[in-house]
Amino acid sequence: MEVPDEDDPFEEQRDRTANPMRRLFAGYGQERRGVFGIGVVASILARMLDLLPPLLLGIAVDAIFLDEGPFSFPLVPDRWLPTDPEQQFWLIIGIVLFSFLGGATLHWVRNWGWNRFAQHVQHAIRTDTYDAMQRLNMTFFSDKQTGEMMSVLSNDVNRLERFLNDGLNSAFRLGVMVVGIAALLFWMNPQLAVVALAPVPLIAVFTYRFVENIQPKYAEVRSTVGQVNSRLENNLGGIQVIKTSNTEGYEADRVEEVSGDYFDANWNAIETRIRFFPGLRVLAGLGFALTFTIGGLWVFQGAGPWFFTGTLRPGEFVSFILYTQRFIWPMAQFGQIINMYQRAYASAARIFGLMDENAGIDERTDAADLVVTEGRVEYDDVTFSYDEEAILDGVSFGAEGGDTLALVGPTGAGKSTALKLLLRMYDVDSGAIRVDNEDISDVTVTSLRDAIGYVSQETFLFYGTVRENITYGTFDADDEAVIEAATAAEAHEFITNLPDGYDTMVGERGVKLSGGQRQRLTIARAMLKDPEILILDEATSDVDTETEMLIQRSLDRLTADRTTFVIAHRLSTVKDADRIVVLDDGRVRERGTHEDLLASDGLYASLWGVQAGEIDDLPEEFVERATRRGAKAEVDGEEYDAASGRPAVGDGDD
Ligand code: ADP
């Protein structure tokens, strides 16, 4: 009984989760059953106290004011009760006061228990889900949008919390109310109880139908509001393009259109909703009128109409009327509770599905830590594909310890992919990558990544101080080491010129640094980590010549005595490499030193020619191939952004 969420990107995960709610309670509820128990017991007791005053009022009317009935309570022996009317009166007042005060206390305890339970569970689930998500391999992240994952971590987890808190709480309240009231009514007068309770199933069916009816309408509202938000976000982000291409009118129309859809969807839902409550009132009112008519006639005439034999005392009648009023509105929540349950079910299924997702990178149970001695790295007949198409097809190359190996080749050749395999962002399909003769799939992932530094063109900084960003991953470095690393990375000078020096906040909400500065911070981070093996992924793109020189100088220091793999589009930066491997279409085309490759006059020589500006002298075949590649990328419609592993299409919803 789950609601299929429209366009659920986690459908696959959701579908294979059996019994998510049982797992929620067994896995997470079990450990916190203490607070859960407190919540349940307090809920039940609080509701029972709530039921006392109407009953007492009825008894008081009959026994004390009208002197028509016995002064007796359900479940309490009569000999415990006073016989003097005045004492009886004060006893009633006392119990009513007690039930209010006790009720207030119990409500507090109940809220404390439920909230505590819900918060604990949500906290544990969120951290566990995050943990599990972090371990997934990169394929998962490139398939799913970050927003979708955020939505599981926040919306789905919050929805569970709401259900645990409000939904379950209301369910208990509703259960206790309906059962408790039904029991009391039957105890007082079974025949009239049947009349008073007659609307209950009707109301249940009515509210359930309402929820069934309104759910798809709410889904439509959610989807249209999503469209409005994406459109607005998109337009505000692209405001410069809108202004320069003079398309304000066009965009205003598009916003009006999606906003209009939202209006319609919302109105559709509102219409259904505003019909529901009057309908409920009519049902409840009919039930009330029926109880009042039959009960009233009965009190009036001494003996009831039709089969309503026996007597009905005025006080009982009062209690009846008060009780029937009591369960109508909680019943209106019946549909709501079912709805909450269904949505929590879907959320729990998504969350547990995600937790069960295979991490992708399997570590052998007997994996030992990698010990790097020389730093020799060897790719041996490596084949790899993201989906069907082979990106690397039987690739072999290697670097001796301390050497620098440059990977060059056209965009999409598989250079970044090859180096991501070394980091075990993905696992090879066949072949092996070895570090000092140790297959990297036989060692622990942590020890492998510890030995490798990765400096990419995507210089992501965390929101935090400059120092924190440099020590990220090393953490325990002292100031001296940080400054030394920053100096070697040619970053110390600009850092000291920042408002707070090494304590300046950078990253998303901090001081904006230029691309070259960010890059040097990343280099400083790698310096500090001092790994045996280094990967530079197009580390010097996007900066001016002067900065490039600074970066190059710092890189030379960084790469000096460690095995280094470089990917650079600017061949001038790699011509001093000990060895250059030219990749094209997932295969090694050429290898050798800069001089060797120029002499052999192949793909490398052509690429070198392009960069030297000798476009006119290029072999016809080279130009043809480049054109073909360009056309392919356009047909595919989505080129991959190699650094982020995400499609490089900017505008997601056009
Ligand atoms: P290079 O670094 O040589 O430019 P990449 O290794 O980034 O090449 O990409 C090689 C091929 O793999 C390209 O065709 C690219 O579209 C594809 N690719 C890269 N990343 C992914 C990914 N995460 N999922 C699917 N295909 C990808």
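Modeller: Start with Ser416. One of its polar side-chain atoms lies 2.8 Å from an oxygen atom of the ligand. That is a polar contact, meaning a pair of N or O atoms within 3.5 Å. The backbone takes part too. A polar backbone atom of Gly412 is 2.8 Å from a ligand oxygen. For Ala413, a backbone N or O atom lies 3.1 Å from an oxygen atom of the ligand. Taken alone, the ligand exposes 560 Å², and the protein buries 86% of that. These areas come from the Shrake-Rupley method with a 1.4 Å probe.

This is a predicted model: local features need pLDDT of at least 70, side-chain atom pairs count only at pLDDT 80 or more, and totals for chains, interfaces and linings use all residues. Residues are numbered from 1 along each chain as its sequence is written, and side-chain values use heavy atoms, leaving out hydrogens and water.

Now the whole shell. It holds 15 residues around the ligand, and Gly412, Gly414, Lys415, Ser416 and Thr417 come nearest. Here, near means that a heavy atom of the residue lies within 4 Å. Helix α13 (residues 415-422) gives the largest share of the shell, three residues. Helices are DSSP runs (H or I, at least four residues), numbered from the N terminus. By type, the shell has seven nonpolar residues, seven polar and one charged. Asp, Glu, Lys and Arg count as charged; Ala, Val, Leu, Ile, Met, Phe, Trp, Tyr, Cys and Pro as nonpolar; the others, Gly among them, as polar.

Conventions:
Polar contact = N/O pair within 3.5 Å; in protein donor to acceptor, adjacent residues only side chain to side chain. Helix = DSSP H or I, 4+ residues; strand = E, 2+ residues; numbered from the N terminus.
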